[in-house]
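The stops below go from the whole chain to single side chains.

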Amino acid sequence: MKIAVSACLLGVNCKYSGGNNRCERLLEELEKHPSIGVIPVCPEVAGGLPTPRPPAEIVGGEVVNKLGVSLDAEYRAGVGAEMARLRPYMESGELVAAVLQSRSPSCGVHEVYDGTFAGRLISGKGLFARALEDGGVRIVDVADV
């Protein structure tokens with residue numbers, strides 16, 4: 001059995017700010033179940049984006065950074081790359097879930113920022129979360145762990 005986990009939650013410095021979102025609660029849960037294989041994922045890095053980078057939000061269906069530069073191609077390429085990497089596990093039934101970082105334009109499960117860069121949230125999913133769900137993978141927001 002395997003789960004995909006946003007790499008930032010595992011302590012990898014891949015967050016837009018250059019840091020991470022290390023989640024001790026999640027790491028403790030994973031330690032209790034050593035038979036679960038963890039697959040770290042970061043569609044943003046997989047899409048070739050540097051760390052750090054300006055924050056990005058979904059604006060009118062397109063991922064744009066705070067400077068107004070479209071990063072939609074990079075985000076979508078990263079989603080495609082991570083989905084291709086996970087596909088064998090999905091097809092074999094080994095991948096049972098993905099634990100993703102809240103609010104991210106890639107990984108948001110329940111909500112994402114509204115595209116104004118004002119810190120306001122709206123209901124919706126990030127691009128990667130949506131692709132996983134469309135592929136039949138159960139997605140879990142880290143806040144729900």
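**Conventions**

This is a predicted model, in which local features need pLDDT of at least 70 and side-chain atom pairs count only at pLDDT 80 or more, while totals for chains, interfaces and linings use all residues. Residues are numbered from 1 along each chain as its sequence is written, and side-chain values use heavy atoms, with hydrogens and water left out.

**Whole chain**

Show the cartoon. The protein has 4 helices and 8 strands; these are DSSP runs, numbered from the N terminus (helices H or I, at least four residues; strands E, at least two). Their order along the sequence is β-α-β-α-β-β-α-β-β-β-α-β. The radius of gyration is 14 Å, close to the 15 Å that the globule rule gives for 145 residues, so the protein is as compact as a globular protein of that length. That radius is taken over C-alpha atoms, and the rule is 2.2 Å times the number of residues to the power 0.38. Along its principal axes the C-alpha trace spans about 45 × 30 × 25 Å.

Now colour by accessibility. Of the 145 residues, 43% are buried (buried means under 20% relative accessible area, exposed over 50%, partly exposed in between, with a 1.4 Å probe and protein chains only).

**Helix α1**

Select residues 24-32, which form α1. Which of its residues are buried? They are Leu26, Leu27 and Leu30. Seen down the helix axis, these buried residues fall within an arc of 100°, so they line one face of α1; the arc is that of the directions from the axis to the C-beta atoms. On the other side of α1, Glu31 and Lys32 are exposed.

**The cores**

Next, select Tyr75, Met83, Leu86, Leu95, Leu100, Phe128 and Leu132, the residues with the most contacts inside the largest nonpolar core, which has 25 residues. A nonpolar core is a set of buried Ala, Val, Leu, Ile, Met, Phe, Trp, Tyr and Cys residues joined through side-chain atoms within 4.5 Å. The elements that give two or more residues to this core are β2, β3 (56-59), α3 (72-92), β5 and α4 (127-134). Apart from this core lies another, of 14 residues, among them Val5, Ala7, Leu9 and Cys42.

Centre on Tyr75. Leaving aside neighbours within four places in sequence, Tyr75 is in contact (heavy atoms within 4.5 Å) with Glu44, Leu49, Ala56, Val63, Pro105, Ser106 and Leu127.

**Charged pairs**

The structure holds 7 salt bridges, each a side-chain nitrogen of Lys or Arg within 4 Å of a carboxyl oxygen of Asp or Glu. Two can be found by selecting α3.

- Asp72 and Arg76 meet in a salt bridge at 2.7 Å, N to O. Both lie in α3, 4 residues apart, about one turn of the helix. Asp72 is buried at 14% relative accessibility, whereas Arg76 is partly exposed at 41%.
- Glu82 and Arg85 meet in a salt bridge at 2.8 Å, N to O. Both lie in α3, 3 residues apart, about one turn of the helix. Glu82 is buried at 5% relative accessibility, and Arg85 is partly exposed at 38%.

Finally, select Arg22 and Glu24, which form a salt bridge with the closest N and O atoms 2.5 Å apart. Here Glu24 is partly exposed, at 42% relative accessible area, and Arg22 is partly exposed at 46%.
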